[in-house]
Amino acid sequence: MSTELTSPPQPPELIRGNLIPVLPDDLAVYCIALLPRAAHPSLALVSRAFHALLCRHPEPLLAARRALRLSDSHILLSLRAPSSASLLFFLLLPHPGWPPLPLPSPPVPVSSSSSVATDGSRLFLVGGSVAGVPASSVQILDPRARSWSIGPRLSSTREFAAAVAHSGVLFVAGGCVPSSPFWAEALDLSAPNAKWKTVASPVHLREKWMHGCASLAGKVLAVGDRGGLAYDPAAPPAEAWAPVSPVLDMGWKGRAAVVGAILYSYDYLGQVKGYDPDTDSWSTVEGLERELPRFLCGATLANVGGLLYLVWEGKWKEKGKGKVKEEVSSMVVIEWAGIEVTRVEEGRLRGKVVSRDTALFPDMPRGSTITHCIALEL
């Protein structure tokens, strides 16, 4: 009887990935997704594969974070080049060292006269103009999938409209002829096939051009070039609209953000101020004089994870030589600062800069300007 020699069973071959050699890439992505986003700039330096996942093609990572129910606040910026009417969009993680992530351009190349709003994770790009003609388009950006879709068209073409998402409804007002019956309208964001519905508004309160909009104390606030308006969706139609208080109207100049039930803006002296609707008063945010420049113009504000963020067009301060210096000087430089604001005695506000950074945008020529700045949860 012959015996057949058999070799002992071999262990299964390890599936090696590019990210973590002992793990397949799909599992490694989930491991990386568990790490805080603040660590990603350092992780991007580990290898080319890490850099590609974190900075160039983050779609698998975003999908893993979504599946794990993890999210972080990001700043979404739109910039307009001096020689172009269309906008380019970028994501910026508000942690030092994180490079801007370019996003696809919207299918309808609207100008800087468009408005933006967010329901937390989606961006709504409302109106604007195309080749100088006002548009009625609504474009929806999903930054997690890095894709745009077309939403229901507005009932009226609009430029420089007020737009804000409030209690699950996208609210739009102004930016059209004041006599338009569709001067204000709303879209239910929870209904997949929703259509715009007209919001009744008194003719004598309508303003054409808007420069600020916010949701504060259960109301929609819209500030125009000739006075501001407050809309209360819970009030009877005959009482829903009213002028904002003269104190709020005089102090709200340009872009603003609501953080912790306080509306923040800055005045003509470049001081950051907060408006308290309970006391109908403005207070200067103290403690920022030595840490931040005076924002006479060109700055914008956003609520990023409960902190007040100021974003502005800066200048590159580091010295360079030759070609490197020339390349850097031709780029757009954006600076930002995260501010923690606390209430102190007698209702005063005190701010503390908890983070600050400078981001370079190599694909944007110098002279480009910030058009939109808003926070998203991803």
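Guide: Happy to! One term before we start: buried means under 20% relative accessible area, exposed means over 50%, and partly exposed lies in between. Keep in mind too that this is a predicted model.

Visitor: Good to know. Is Cys176 buried or exposed, then?

Guide: Cys176 is buried, because its relative accessible area is 3%, and the cut-off for that label is under 20%.

Visitor: How many disulfides does the structure hold?

Guide: It holds zero disulfides. As a reminder, a disulfide is a covalent bond between the sulfur atoms of two cysteines.

Visitor: Okay, let's zoom out. What secondary structure does the chain have?

Guide: There are six helices and 26 strands in the chain. Its C-alpha atoms fill a box of roughly 105 × 50 × 45 Å along the principal axes.

Visitor: And how much of the chain is buried?

Guide: The chain has 378 residues, and 46% of them count as buried. The accessible surface comes to about 19,200 Å², with 56% of that belonging to carbon and sulfur atoms.

Visitor: What about contacts along the sequence?

Guide: Taking contacts between residues at least 6 apart in sequence, 53% join residues at least 24 apart.

Visitor: How many positive and negative side chains are there?

Guide: The chain has 36 positive and 34 negative side chains. The centres of those two sets lie 5 Å apart.

Visitor: Now the strands. Which of them form an open sheet with S1?

Guide: Four strands make up that open sheet, in the order S3-S2-S1-S26, with antiparallel pairing. Strand S3 (101-102) and S26 are the edge strands, as each pairs on one side only.

Visitor: How is S1 joined to S26?

Guide: S1 and strand S26 (residues 369-377) run antiparallel and are joined by eight bridges. Within that pairing, Ile75 stands opposite Ala375 in S26.

Visitor: And what does S1 share with S2?

Guide: S1 pairs with strand S2 (residues 88-92) over five bridges, again in the antiparallel sense. Ile75 has Leu92 as its bridge partner in S2, while Leu76 has Leu91.

Visitor: So which residue does Leu91 meet in S3?

Guide: In S3, Leu91 has Leu101 as its bridge partner. S2 and S3 pair over two bridges, in the antiparallel sense.

Visitor: How covered are S1 and S2?

Guide: Strand S1 (residues 73-80) is mostly covered, with seven of its eight residues buried. S2 has four of its five residues buried, so it is largely enclosed by the rest of the structure.

Visitor: Nice. I also clicked on Leu205. Where does it lie?

Guide: Leu205 lies in the loop between strand S13 (197-198) and strand S14 (210-216). Although it lies in a loop, Leu205 counts as buried because its relative accessibility is 13%.

Visitor: What does Leu205 touch?

Guide: Leaving aside residues up to four places away in sequence, Leu205 touches Leu229, Trp241, Ala242 and Pro243.

Visitor: And how many residues separate Leu205 from Leu68?

Guide: They are 137 residues apart in sequence. In space, the distance between Leu205 and Leu68 is 47 Å, C-alpha to C-alpha.

Visitor: Last topic: backbone angles. What is phi at Arg69?

Guide: Arg69 has a positive phi of about 60°, although it is not a glycine. For context, most residues other than glycine have a negative phi. Arg69 is found in the loop between helix H4 (59-67) and S1, and it counts as exposed because its relative accessibility is 79%.

Visitor: What about phi of Asp280?

Guide: Asp280 is also not a glycine, and its phi is positive, near 50°. You'll find Asp280 in the loop between strand S20 (272-276) and strand S21 (281-286). At 30% relative accessibility, Asp280 counts as partly exposed.

Methods. Residues are numbered from 1 along each chain as its sequence is written. This is a predicted model: local features need pLDDT of at least 70, side-chain atom pairs count only at pLDDT 80 or more; totals for chains, interfaces and linings use all residues. Side-chain values use heavy atoms; hydrogens and water are left out. Buried means under 20% relative accessible area, exposed over 50%, partly exposed in between (1.4 Å probe, protein chains only). Contact means heavy atoms within 4.5 Å. Accessible areas come from the Shrake-Rupley method with a 1.4 Å probe; for residues, only the protein chains shown count as cover. Lys and Arg count as positive and Asp and Glu as negative; His and the chain ends are not counted. The place of a charge is taken as NZ of Lys, CZ of Arg, CG of Asp or CD of Glu. A disulfide is a pair of cysteine sulfur atoms within 2.5 Å. Two strands pair if DSSP finds at least two bridges between them.
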